[in-house]
Amino acid sequence: MAVKTYLEAITDGLRECLKADPDVFLMGEDIGVFGGAFKVTKGLFEEFGPERVMDTPISEAGFVGAGIGAALCGLRPVVEMQFSDFISCCFNQIVNVAATIHYRWGGKVPLTIRCPSGGGVRGGPFHSQSPEGWFMHTPGLYVVCPATPYDAKGLLVSSIRNNNPVLFFEHKWLYRRLKEDIPDGLYEVPLGVADIAREGTDVSVIAYGSCVAHALDAAEGLEKDGISIEVVDLRTLVPLDKEAILNTVKKTSRAVVAYEDHIVAGPGSEVCSILANEGFEYLDAPVERVAGLQTPIPYAPVLEDTYLPSPQKIAEAVRRVAAF
Amino acid sequence: MKVDIVMPQLGESVAEGTILKWHKKVGDPVAKDEVIYEVSTDKIDTEIPAPVAGVLSEILVPEEKTVDVGTVVARIETQAQDAAQSKTPAAKPLAGKQVEEVKKSEPKPHMGGESGKQETRMISRSRGATSAGSSRPPPPITPSRSTQPGGVVIRREKTFLSPVVRKMMRLHNIDEQELEVISGSGAQGRITKRDMEGYLSGRSAAPRRAVAPSILFDRPSGKALVDTQPIAKFSRDRVEKMSNIRKKIAEHMIFSRQTSAHCQLYHEADVTDMMRYRDLHEAEYAAQGVKLTVTPLFLIPLMQAIREFPVMNASVQGDEIIYHENINIGLAVAMDKGLIVPVIKQAEALNLLGLAKAVQTLASRARENKLTVDDLKGGTFTLTNPGMYGTLMSAPIINQPQVAIFSPGAVQKRVVVRGDNSLAIRDRVYLSLSFDHRVIDGAVAGAFLKSLTQKLERSFSFEA
Amino acid sequence: MAKKTAAKSKSTAWSPKAEYLLTKEQAKEVYYYMRLNRSVEERAAALYRQGKIVGGCYSSTGNEAVSVATAYALEKRDFFVPLLRNFGGHLVRGQTPFHIFSQYLGRTTSPTRAKDCNVHLGNIKLKIPGIISHLSAYMPLACGIALACKKRGLDSVVINYIGNGGANVGEFHEALNLAGVWRLPFVLIIENNQYAYSTPNTAQYACQDLIDRAPGYGIEGAKIDGTDAFTVYGTTKWAIERARAGHGPYIIQTETMRMRGHAEHDGFEYVPKSMIEAWKKKDPLNKMVQTLKTEKIMTEKEIQATDQKIQDLIERDVEKALAAPLPDPEEVTQGVFADQTTENFFFN
C-alpha cells in the first residue's frame with residue numbers, strides 16, 4: 001500500500017500486468033526510453049526491455065491494427081495513443097476491425113487501447129478531446145473511464161485481462177491531481193459496475209472521469225444550501241451499469257448527468273434515454289446534462305473554461321433540478 | 001409443381017430490371033441452368049439461367065418491360081420424371097418459399113437482395129398512408145386551447161404532475177381531486193415527490209379523505225380560465241394567485257356557461273302562509289335543536305313540483321337525458337374561501353324536520369371545513385338562496401351536470417292588489433329559475449314555476 | 001523465373017536450399033483447386049442470377065493461379081489473410097464449397113454463422129481471419145499476427161494480399177512500414193488485376209509498378225506473371241521460406257486480369273474488348289491444362305474425370321447448403337462480445 005497519483009496508479013497497473021503475464025506487451029509512440037508523453041510508462045522499458053515496451057512509428061492505424069492481429073493470436077497488447085485525439089487516425093481499425101471480429105467470425109481481440117483524454121490542460125482542439133462517445137456508440141467495444149487512482153489501476157488490470165477490445169480513457173487533468181492509497185500487486189475492479197462516489201438524498205449526479213471530481217467538489221457547497229447530492233461514478237460506459245443509474249434515481253427522483261464529451265449524442269445522452277424510458281416513473285424533475293459544449297475545444301483558458309463542465313456548472317444544474 | 005422465376009437483384013442498389021429477350025416460348029422445355037431470358041439493369045445486362053428443369057408454363061412479363069426486383073416474371077412447370085427434382089428435394093420448397101416470402105413480406109423489407117427496392121417502396125407507401133389519412137379521423141384537436149365564438153381564447157391549464165408523483169398517486173389510490181389538498185412546494189406550487197411523501201405519512205394516520213376543491217362540483221371536466229389580454233396594473237394594485245378552490249370555481253362556472261343553454265324565468269309567490277308557519281313552529285323545532293330557516297320550507301313544495309316535472313331533475317350526457325330517480329338537492333353555501341355546494345341525498349324521503357336537520361348539518365359542516373367527499377357528490381338539482389342578502393332576483397349558473405337551479409329572492413312585505421281589488425300586505429318573494437334550454441323549453445319551465453308557486457302558496461295554509 | 005526489382009534490403013542475401021518447383025502430384029492438386037475455384041464461383045453466379053444468393057457475388061476468374069498457388073505454398077502453421085478474390089486460397093486451406101455456399105446463402109453452417117456475407121469467410125482453426133470490406137485494413141492486422149509469431153518464437157509466416165486498388169489506402173503504407181521496421185515474417189501478394197472496380201491503374205497510382213514502392217519500405221520484392229501457377233508457386237514458396245528463416249518481409253506483385261466485373265452486377269463495359277481478348281489467351285486455367293497435357297502430368301480423360309468429381313462435389317454441397325438452416329432471428333444480438341474462456345485464439 002502506498003499513496004499514488006492517478007498516473008502512478010496506471011503505471012503500477014501496467015507494471016503488475018507485465019510482470020504477471022508474459023503475453024502482455026506495450027506499444028506506442030515514445031513510450032520506451034522516453035517513458036511516454038505523460039511518463040505513464042516511465043521505467044517500464046528499463047524493467048521489461050524493448051520486446052515488452054515497444055516504440056512504434058507514428059502510425060496509429062498501423063500499430064493498433066498490429067495490436068489487433070497480435071491479440072487474435074492470444075497476446076494481450078496494450079497500445080497507447082499519445083493523446084486520445086489521435087484515435088481518429090485509427091478509427092477504421094477500432095470500429096470496423098476490432099469491434100466486429102467476434103460477432104462476425106468468433107475471433108477474440110484482447111486489446112487495450114490507452115487514451116489520455118480530456119481538457120483543462122490548455123491543449124487546444126487536438127490535445128484535449130474526450131472521444132469516448134464515438135466508441136460507446138460502436139457495438140463490440142468496452143469503454144472504460146476511471147475517475148480515481150484506485151479505479152484506474154483496478155480497471156486497467158480488468159481491461160488487460162478482458163478478451164474484448166477495451167478503450168481505456170485516462171483523464172489527463174486527473175493524472176497528477178488525484179492521489180490515494182493504492183494496494184500493491186494485482187487487483188481488479190470489475191467492468192460494468194458503477195460506484196457510488198458519494199451518497200446523498202436529493203439529486204443524483206451521474207458522471208464519469210473528470211466530472212466525478214467536479215461533482216464531488218460541488219457537493220459541499222450544495223450541502224450548505226441544504227441540497228444533498230448522490231454522485232454516481234459510472235466507471236465504465238460499456239458495459240453501462242443501468243441498474244445503478246436507475247437505483248440512484250429511484251432514490252432521489254432528480255438527476256444531473258455530467259460528462260466532458262460533447263453534449264450532443266454524448267455518453268450522458270444514453271443515460272438520459274435510459275431514465276426517460278426505464279426510469280420515467282422515478283422522475284420528479286427534468287434531467288439536466290452538463291457537458292462539453294458542441295464546439296471544438298478552444299485553446300484560450302477563458303474559452304476552454306467556458307467550454308468545459310465544472311463544479312460550478314454542475315452545482316447550478318443541481319440547483320435548478322432541485323428547485324423544480 | 002410450378003416454380004416461380006423472379007427478377008433477381010443484380011447489385012446491392014439495383015431495384016428493377018428490364019426483360020430484354022425471352023430465349024424460350026411458353027411450352028418450351030427448359031433444362032436446369034439453361035438460359036431462359038436476358039435482363040438489363042442499370043448496372044449490367046446478363047442472361048438468366050433456369051433454376052430448375054421443366055417446361056416454361058407462363059411468361060408474366062413481356063420483353064421491353066421493366067419490373068421490380070423480386071417480381072415473378074415466369075413460371076416453370078417441373079416434371080414428375082425430372083431427375084433434378086428427386087435429387088434435390090430441399091431446393092424446391094426453398095425456391096418456392098423464398099418467393100412466397102417476398103410476396104408476403106411486402107411491407108417489410110426482406111433480408112438482403114430485395115431490400116433496396118422494398119425499402120423504397122415501403123417508405124413511399126407509408127407516406128401515402130399518412131397523407132391518405134383522410135380515411136382516418138383527423139388528429140384530435142388538443143383540448144388545451146379552443147376558440148370561443150367571440151374570439152376569446154380559453155386555455156385549459158393542468159397542474160404538472162411529475163412521473164413519480166403520478167406513480168405515487170396510482171400506488172396510493174390518490175385521485176387528482178384528493179391531490180388538491182396537498183400544498184406544492186415545487187416551482188409554481190408544483191407538488192413534488194417530497195410533498196407526496198409528507199402528505200402520505202399524515203394520510204395513513206387519518207385515512208378519511210379530506211375535501212378537495214375540485215370535488216366541489218360534480219363534473220369539473222376541464223378547467224377553463226379566461227385568457228385575457230394583459231391588464232394594466234397600477235402601483236398600488238395587488239396581484240394574488242388564485243387559490244385552488246377559486247380556480248376550480250372559475251373553471252366550473254365557465255364550463256357550465258359553455259355547456260348549458262342558460263335561460264331564466266321569474267315568478268312571484270305569496271309566502272305569507274309559509275312565513276307564518278315558520279313563526280308558529282320555530283320554537284318547536286328549536287326545542288329539538290333545529291333552527292327552522294326558510295330553506296327547508298322552500299324545499300317541500302320544490303320537491304313536489306320536481307316530481308311533477310321530472311326533466312327538472314335530469315342530467316344531459318351526450319345526446320341522452322338521464323332522469324334521476326332520487327332528488328338530491330344541492331345547497332349553495334357561501335364560505336370565506338368560496339362557494340361550496342353540499343348535497344342532501346334523497347331529499348324527497350325527508351319530512352320538514354329531516355330537511356331542516358339536513359340543511360343545518362351540512363351548513364355547519366361546511367363552515368367547520370368538515371364536509372366529506374360524499375357530502376359534495378351526486379346532486380341532481382340545486383337551490384341557491386341569495387335572499388338572505390336581500391337579493392330580489394338572480395340568474396344563477398347551473399351546477400353541472402344538472403339542468404336547473406332554483407333561486408328564491410328575499411322575502412319582503414309588499415302591498416298587493418287582491419282579486420277583489422282590495423289592498424293587502426303580504427310576504428312576497430321572487431322565484432328565479434335558471435334552466436338548460438337544451439332539454440327544458442320555456443313552456444315547461446314556466447309550468448314548473450307556476451306549479452311551484454301554487455304549492456308554495458298552498459302547502460302551508462292548512463297548518464295555520 | 002522471377003524478375004526481381006532492385007530493392008534495398010536490410011537482410012543479408014538469402015539462398016534457398018532448393019528450387020521450389022511443383023511436383024507432378026502437387027501440380028495435379030493445384031489444378032484441382034484452380035478448377036474447383038472457378039466452378040464454385042460459376043455455380044455461385046448462377047445461384048445469384050436465380051435470386052438465391054442475395055447481396056454481392058464476386059468472381060476471381062483470371063486470378064485462380066495466384067489465389068491457389070500462393071496458398072499452396074503455405075504450411076498449415078502459416079497464416080492466410082486473403083482478399084475478396086481468394087476462394088482458391090480458402091479451398092486450399094481447407095474451407096469447402098459447402099462453407100462457401102453456406103456463407104453466400106446466409107446459412108448457419110457458414111463460418112460466420114451468417115453474420116457476415118459472401119467472401120468474408122473467417123476460420124480460426126484454418127488460421128484465416130475473416131476480412132472486412134476495407135481490404136487494406138487487414139494489412140496492419142496481418143503484421144500484428146506476424147509480430148505475435150515472432151514474439152512467441154514461432155516459425156509461422158503470414159501471407160497477406162492486396163489489390164491494385166487497396167494498395168492506395170493509407171493502411172497499406174502504415175503496414176508495410178511496420179513490416180519493414182520490425183522485419184516481420186510477412187509476405188505480401190499484390191494482385192494487380194488491372195482495374196479497381198472501374199478505375200484503371202493509370203488513375204490509381206503514378207509509379208510504374210506498385211512493386212516500385214517496396215524499396216521505400218526497405219523491403220525486397222518481385223513482379224511476376226500471375227497467370228502461371230508454377231511461377232507463382234515457386235516465387236511465393238521462396239519468399240515464404242525466406243521469411244520463415246528470419247530474413248524479413250517480401251512483396252510479390254502478380255500480373256493478372258480480372259476477367260469479370262467487380263461483382264456480378266457489373267458488366268465491366270469500361271474494359272476495352274481487345275484487352276479482354278488478349279488476356280483470354282492467357283487464361284490461367286487453360287494454361288494449367290495445357291501444361292498438364294504437354295508435360296504429360298494428366299491426360300484429357302483424367303482431367304475430365306477430375307472436373308466431373310468437382311461438379312459432383314459442388315452440386316452435393318450446394319444442395320446441402322440450401323437445405324441448411326437459416327439463422328434464428330434472435331441470434332442477431334448474440335456474439336457481440338467475447339467470453340473469458342481461452343478458446344478461439346489463433347495460438348491455441
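Between chain A and chain C the count is three salt bridges, a salt bridge being a side-chain nitrogen of Lys or Arg within 4 Å of a carboxyl oxygen of Asp or Glu. One pairing, between C:Asp116 and A:Arg104, brings the closest N and O atoms to 2.7 Å apart. The model is a predicted one, in which local features need pLDDT of at least 70 and side-chain atom pairs count only at pLDDT 80 or more, while totals for chains, interfaces and linings use all residues. Residues are numbered from 1 along each chain as its sequence is written, chains are lettered from A and ligands numbered from 1 in the order in which they are written, and side-chain values use heavy atoms, with hydrogens and water left out.

**Chain A and chain C**

- The rule finds 29 residue pairs in polar contact across this interface, both residues being at pLDDT 80 or more; a polar contact is a pair of N or O atoms within 3.5 Å, where within protein one must be able to donate a hydrogen and the other to accept it, and residues adjacent in sequence count only if both atoms are side-chain atoms.
- On the side of chain A that touches chain C, the largest share, twelve residues, comes from α3(A), with helices (H or I, at least four residues) and strands (E, at least two) taken as DSSP runs numbered from the N terminus.
- In contact, meaning heavy atoms within 4.5 Å, are 47 residues of chain A and 45 residues of chain C.
- About 3500 Å² is buried between these chains, with 60% given by carbon and sulfur atoms, where buried area is the accessible area (1.4 Å probe) that two parts lose on being put together, summed over both.
- Of the area that chain A buries against chain C, A:Tyr103, A:Arg104 and A:Trp105 supply 22%, more than any other three residues.

**Chain A and chain B**

- Chain A and chain B each bring 14 residues to their contact, and they bury about 970 Å² between them, 43% of it on carbon and sulfur atoms.
- On the chain A side, A:Glu281, A:Asp284 and A:Phe324 lose the most area to chain B, together 57% of what that side buries.
- The rule finds three salt bridges across this interface, among them the one between A:Asp202 and B:Arg194, whose closest N and O atoms are 2.9 Å apart.
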